[in-house]
Amino acid sequence: MNQDITETQEIRLTGIPVSPGIAFGYIKVHVSGSQEPESYDITEADIPGELVRFHRALLDTTTQISRMRDRMKLISGEKEAAIFDAHMMFLQDKSVISKVEKLLSTRLKNVEFVYYVVMQDYIEVLRRLDDPYFRARTGDMEDVMQRVIKNLTQIEPLENLLNNTEREEDEDLQILMAYDLTPSDTAAMDAFKIRGFATETGSTVSHTAILARSMGIPAIVGIEHGVLKVECRAFAIIDGYKGVLVIKPTDETIQYYKRIQSEKEKAYKKLEALRGLPTETKDGRKVRLSGNVEFPHEYSAVKEVGAEGVGLFRTEFFLLGNRTGMPDEEEQYNYYRELAEGCAPHGVIFRTLDAGGDKLPSEKLDAPEPNPFLGWRGIRVSLTRKSIFKKQLRAILRATVGIPKCGVMFPMISGYTEVMQAKAVLQECRDELEAEGIPYDKNLRVGIMIEVPSAALMTDFLAKEVDFFSVGTNDLTQYTIAVDRVNNKVANLFRSTHPAVGRLINMTVQAGEREGIPTAICGEMAGDILLMPLLIGLGAVSFSVGVHLVPVVRYAIRNLNYEECRAMAQEALASSNSRDIVNLSTALAKKSYPILFE
Ligand code: PEP
Ligand code: MG
């Protein structure tokens, strides 16, 4: 182990900041695939009893594993049965057992928790070995650990653990440290309890990071070997501005971060006070500034920051996050109506299901896709699962009746045929509702996401078929420069300012202008105030950003001069590389709103 977990001094770990804010809480470790057991205090007097429980559980597990070995030998032969020898070896590892015995008296916590802490350290060391054979054994070790813990206690599902309301008061505020978190783990978090999280993997535009921003949870990704370096239940601070996780902070550090937190809150409140003012540049170019949301109830946050409705409702988290299955048309109608009414008189742009990629699939697949981002995702799923698609379209058409400026938008469009097919299904839904005498929105606008380069290259044709474009810069960047948006090994190559991405955005805006349709930007790039001069200069007329970013982005736009941005964007379009483009946009941003960089 590279750290004694009883160490008391302050430890600082750094990573990539992906969601701003300062959070204070107690570390909870989530090892991929396994669940942390309950933790409670014990006294010195309890230790002998805990040791008896532990050795009893080890014995039970030994019996279970040898039974499984015998059965496997009978069914498949000695070779297959031998995998249980490795399980037995992990189970009886003397160094694990003695470490548990030692830690019981230093940590004074229940034995299943102490065993988990020890095993979690070993597993993470194994996971990082160069030898693929040993790396592959982490699964065996996790299996053994779960079995022992199960024999010691009943395990709760992860969601319960994340949202457990019956914790001790002072341990209620949690900072989650994980090797990786899936978007659904993140969506299941209760922001009142999980104050912040840090992971070893991930990137700024992974859906986990996007969700953290939209939920207002400070987060850091890319902390190398973070799981190994933290101590369960230690007090910690997450600095989501700079990407620092401070474990066991000194009083001085705590005071420092409290000060930063209160200063940032004050500055944010000042910007929030501008919420009634129009979002327009100094020379009078009006733009629409709306919010990206993932859950219907977020309309109150949208209202609070004065966003002009919702420019991107990512419906997949709410549709697929439901353990009891996808909501039916009526349920969807109710949720969509709640959001649309909550945002009125501003509209909501409902994006149809974007299942796949790094998000959940819409149904259980026989085997994992070899290349999920290039696979069965977005509109491809909807067009092959027409009944799911129609249910959603009907619910949207019904929910937006009488609410102006609403729209539906299709994700992952790669070309003309998909747009025509999606529109045909929408028309089918309109015809059905008409025939059934059910009121529906006759003015619902129809748009598409421009996030696949082939679609951007075809925008001259596509602009004739839709009412608006919305550029998804996260995917457009990933697909244009072939950099996986969730792979932290290539995170440094992920550049939305790549000249090729700029050209595709420009092409889209121009094609839209020729046909008189607006182009919005709804990817994470729209929330980056350093790049706002570039996007304004390229002619985008609508921006949809994480709700918490609305006040800052509004302030930035109100301090820009459109003509100046245009001239800069022309220069950027003539640039050969990303760095020159970043420099051009950054210089204008810093000149226009220096206060945001203090
Ligand atoms: C995008 O790709 O930029 C986008 C907004 O969609 P998502 O992040 O949900 O893929
Ligand atoms: Mg996308």
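Okay, let's start on one helix: the face of α4 turned away from its buried side carries K94 and K102, both exposed. Buried here means under 20% relative accessible area, exposed over 50%, and partly exposed in between, with a 1.4 Å probe and protein chains only. Helices (H or I, at least four residues) and strands (E, at least two) are DSSP runs, numbered from the N terminus.

Before I go on, a word on the source: this is a predicted model, where local features need pLDDT of at least 70, side-chain atom pairs count only at pLDDT 80 or more, and totals for chains, interfaces and linings use all residues. Residues are numbered from 1 along each chain as its sequence is written, chains are lettered from A and ligands numbered from 1 in the order in which they are written, and side-chain values use heavy atoms, leaving out hydrogens and water.

Back to α4. Which of its residues are buried? They are V96, I97, V100, L103, L104 and R107. These cover an arc of only 135 degrees around the axis, which puts them on the same side of α4; the arc is that of the directions from the helix axis to the C-beta atoms. What about length? α4 has 14 residues, 94-107, and should span 20 Å at 1.5 Å a residue, which agrees with its end C-alpha atoms being 20 Å apart. The expected span is 1.5 Å times one less than the number of residues. Just after α4, L108 takes a positive phi of about 50 degrees.

Now look at V114, which is found in helix α5 (residues 111-127). V114 has a relative accessible area of 2%, so V114 is buried. Leaving aside neighbours within four places in sequence, V114 is in contact (heavy atoms within 4.5 Å) with V100, L103, L104 and K109.

Next, the metal. What coordinates the magnesium ion, ligand 2? E451 (OE) and D475 (OD) do, at 2.0 to 2.1 Å. E451 sits in the loop between β13 (445-450) and α19 (453-457), and D475 in helix α21 (residues 473-481), so the pair ties together parts that are 24 residues apart in sequence. Donors are N, O and S atoms within 2.8 Å of the metal (3.2 Å for Na, K and Ca), and water is not among the atoms, so sites may look incomplete. E451 counts as buried at 1% relative accessibility, and D475 is buried too, at 3%.

One more helix, α26, residues 578-592. Its 15 residues reach 21 Å from first C-alpha to last, close to the 21 Å expected at 1.5 Å a residue. Buried or exposed: which are S578, I581, S585, T586, L588, A589 and S592? They are buried. Seen down the axis, they fall within an arc of 165 degrees, so they line one face of α26. What covers them includes α22 (499-515), α23 (532-538) and α25 (562-573). The face turned away carries the exposed residues R579 and K591.

Finally, let's zoom out. The chain has 26 helices and 16 strands, and 55% of its 598 residues count as buried. Along its principal axes, the C-alpha trace spans about 75 × 60 × 45 Å. Residues 24 or more positions apart account for 71% of the contacts in the chain with a separation of 6 or more. That's me done, thanks!
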